[in-house]
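Please keep the sequence and the model in view while reading.

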Amino acid sequence: MDGNMAETLVRTNPGTPMGNLLRRYWVPALLVEEIPEPDCPPVRVQIMGERLLAFRDTDGKAALIAEFCSHRGVSLYFGRNEENGIRCAYHGLKFDRNGNCVDVPSAPQACKHMGIKAYPCIEMAGIVWAYMGPKDKQPAAPDVEWCTLPASHVFVSKRLQECNYLQAMEGGIDTSHVSYVHRYEVDHDPLHQGTKALDYIKADGNVIFEIEKKPFGLMLFGRRNGEQDSYYWRITQWLFPWFTLIPPFGDHALGGHVWVPIDDHNCWAWSINFRVDRPLNEEELRDLRAGKGIHCEYEPGTTGPGGTFRPTANKDNNYLIDRQAQKEKRAYSGVFGFAVQDSSLQESMGLIQDHANEKLLPTDRAIVMARKMMYDAATTLSPDTDPPAVNADQQRVRAAGVLLPRDQKPQEWAAQHLADGKDQPVYSI
């Protein structure tokens with residue numbers, strides 16, 4: 001990837017081409033449980049280089065405003081959340097959830113000049129989402145399947161990942177790595193074990209991809225040998241600009257991710273598991289809360305309102321790598337846990353990967369296509385144009401795993417069975 005493209009893709013602060021693009025979509029900002037009740041303590045939030053403050057006002061409405069008071073620049077984190085607004089602890093200025101200054105005790109006539117930035121918020125799937133773009137371009141709410149299901153059907157977590165969002169997201173797009181870094185973990189993880197698909201994935205590391213460009217982004221068809229007369233196709237999606245969808249293994253839950261920049265050196269990795277036809281049961285919830293599957297365990301005291309959500313296994317302790325477990329083939333890289341196995345490798349690339357020195361392979365074609373789509377969208381965006389896949393009705397897709405006869409094209413099968421994924425059964429092996 002040339003330097004100009006790389007620089008464009010990895011920078012998301014206000015006013016950058018990629019920052020302008022990403023702000024045209026609804027952004028996962030924080031967990032609903034971080035602002036659990038009206039007039040609860042406010043929470044600091046950073047997204048794409050902006051320092052913000054989240055709170056829930058007296059009416060129970062979620063809010064996301066600039067962190068700093070317009071008067072003297074004091075952090076409103078130290079303010080009082082009461083009577084439908086945040087009151088600055090320094091001189092008493094008060095701001096409502098829309099950023100309007102509603103009280104200046106020392107100069108009431110100055111209210112109209114003292115407003116601060118605020119972003120509209122919605123709550124879906126246990127997440128507070130914010131729209132950070134131009135007011136007249138606000139899109140419809142997300143329609144990714146897990147956003148639309150009852151709360152009992154969905155489990156959502158987030159974790160801090162200490163690298164640029166792009167290299168983290170590209171790990172989600174690239175499913176060929178499953179045959180390697182996760183190959184021993186899958187045998188024991190409760191959300192993967194006991195399924196025929198694992199046999200195909202572990203037996204055939206030479207995955208061959210066919211890729212379709214779609215209105216929502218990319219559909220990836222990963223082919224591995226199945227039975228003597230069939231191929232195992234693992235069909236995944238990248239939904240522009242930051243969603244990935246994961247097919248289930250057997251009768252386990254479906255999955256997905258969202259990758260959101262905190263700044264250029266850190267991102268939030270959101271992880272989702274969901275059931276289409278029933279609530280998650282107690283056994284599933286127990287495993288998910290324990291950090292199994294695509295979730296993780298956290299450093300003590302780092303979850304909850306305003307927490308860092310930093311994994312227990314992190315770069316400061318070499319991700320708790322166990323060389324004996326690596327030697328005994330209990331962990332391919334010596335690191336345990338899908339989430340940390342991925343983040344350990346992606347963070348090892350550096351805070352921002354040196355894209356100039358990478359040498360890509362045929363299995364990286366989806367990454368190349370995604371980069372070009374994002375770069376083209378960012379560099380051609382204007383106030384008069386809509387970015388790709390901003391229409392929520394384009395997000396009605398679902399990942400799948402399926403055995404097909406060797407002479408059948410997976411694209412034809414997908415057109416029939418995944419064209420409107422929400423109205424189909426869940427396809428899994």
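## Two domains

The centres of domain 1 and domain 2, taken over C-alpha atoms, are separated by 33 Å. The model is a predicted one, in which local features need pLDDT of at least 70 and side-chain atom pairs count only at pLDDT 80 or more, while totals for chains, interfaces and linings use all residues. Residues are numbered from 1 along each chain as its sequence is written, and side-chain values use heavy atoms, with hydrogens and water left out.

Domain 1 covers 26-131 and domain 2 covers 145-418; these bounds come from an automatic or database domain assignment. UniProt, in an unreviewed entry, places the feature "domain: Rieske" at residues 26-130. UniProt positions are given here in the numbering of this report, feature names are shortened, and annotations may be inferred rather than shown by experiment. Over residues 26-130 the model has 0% helix and 40% strand, and the end C-alpha atoms of the span lie 6 Å apart. Helices (H or I, at least four residues) and strands (E, at least two) are DSSP runs, numbered from the N terminus.

## Where the domains meet

At the interface, 17 residues of domain 1 are in contact with 18 residues of domain 2, where contact means heavy atoms within 4.5 Å. The two domains bury about 1,400 Å² between them, and 72% of this is on carbon and sulfur atoms. Buried area here is the accessible area (1.4 Å probe) that two parts lose on being put together, summed over both.

The rule for salt bridges finds 1 across the interface of domain 1 and domain 2. A salt bridge is a side-chain nitrogen of Lys or Arg within 4 Å of a carboxyl oxygen of Asp or Glu. The side chains of Lys-158 and Glu-34 form a salt bridge with an N to O distance of 2.9 Å.

How many of the residues of strand β11 are buried? In β11 (residues 127-131), 5 of the 5 residues are buried, so the strand is largely enclosed by the rest of the structure. Buried means under 20% relative accessible area, exposed means over 50%, and partly exposed lies in between (1.4 Å probe, protein chains only). Ile-127, Trp-129 and Tyr-131 point one way from β11, and Val-128 and Ala-130 point the other way.

Two strands pair if DSSP finds at least two bridges between them. Strand β1 (residues 26-31) runs antiparallel to β11 and is joined to it by 5 bridges, with Trp-26 opposite Tyr-131. Strand β10 (residues 121-124) is also antiparallel to β11, with 4 bridges. Here Cys-121 has Ala-130 as its bridge partner, and Ile-122 stands opposite Trp-129. The hairpin of β10 and β11 has 2 residues between the strands, and Ala-125 takes a positive phi near 55° in this hairpin.

## An open sheet

Another set of 4 strands forms an open sheet in the order β2-β3-β4-β9, with antiparallel pairing. Its edge strands, β2 (43-47) and β9 (118-119), each pair on one side only. Between β2 and β3 (residues 50-56) there are 5 bridges, and Ile-47 stands opposite Glu-50 of β3.

## Charged pairs

The count of salt bridges comes to 32. One of them joins the side chains of Glu-50 and Lys-117, at 3.4 Å from N to O. Glu-50 lies in strand β3 and Lys-117 in the loop between β8 (101-103) and β9, so the pair ties together parts that are 67 residues apart in sequence. Glu-50 is buried, at 7% relative accessible area, whereas Lys-117 is partly exposed at 42%.

Asp-251 and Arg-275 also meet through their side chains in a salt bridge, at 3.3 Å from N to O. Asp-251 is in the loop between β16 (243-246) and β17 (254-263) and Arg-275 in the loop between β18 (266-274) and α6 (282-289), so this pair ties together parts that are 24 residues apart in sequence. Asp-251 is exposed, with 60% relative accessible area, and Arg-275 is buried, with 7%. Salt bridges that share partners also join Glu-162, Glu-299, Arg-310, Lys-315 and Asp-316 into one network.

## A buried loop residue

Thr-175 lies in the loop between α4 (165-173) and α5 (196-203). Its relative accessibility is 7%, so Thr-175 counts as buried. Not counting residues up to four places away in sequence, Thr-175 touches Phe-209, Arg-224, Arg-234 and Thr-236.
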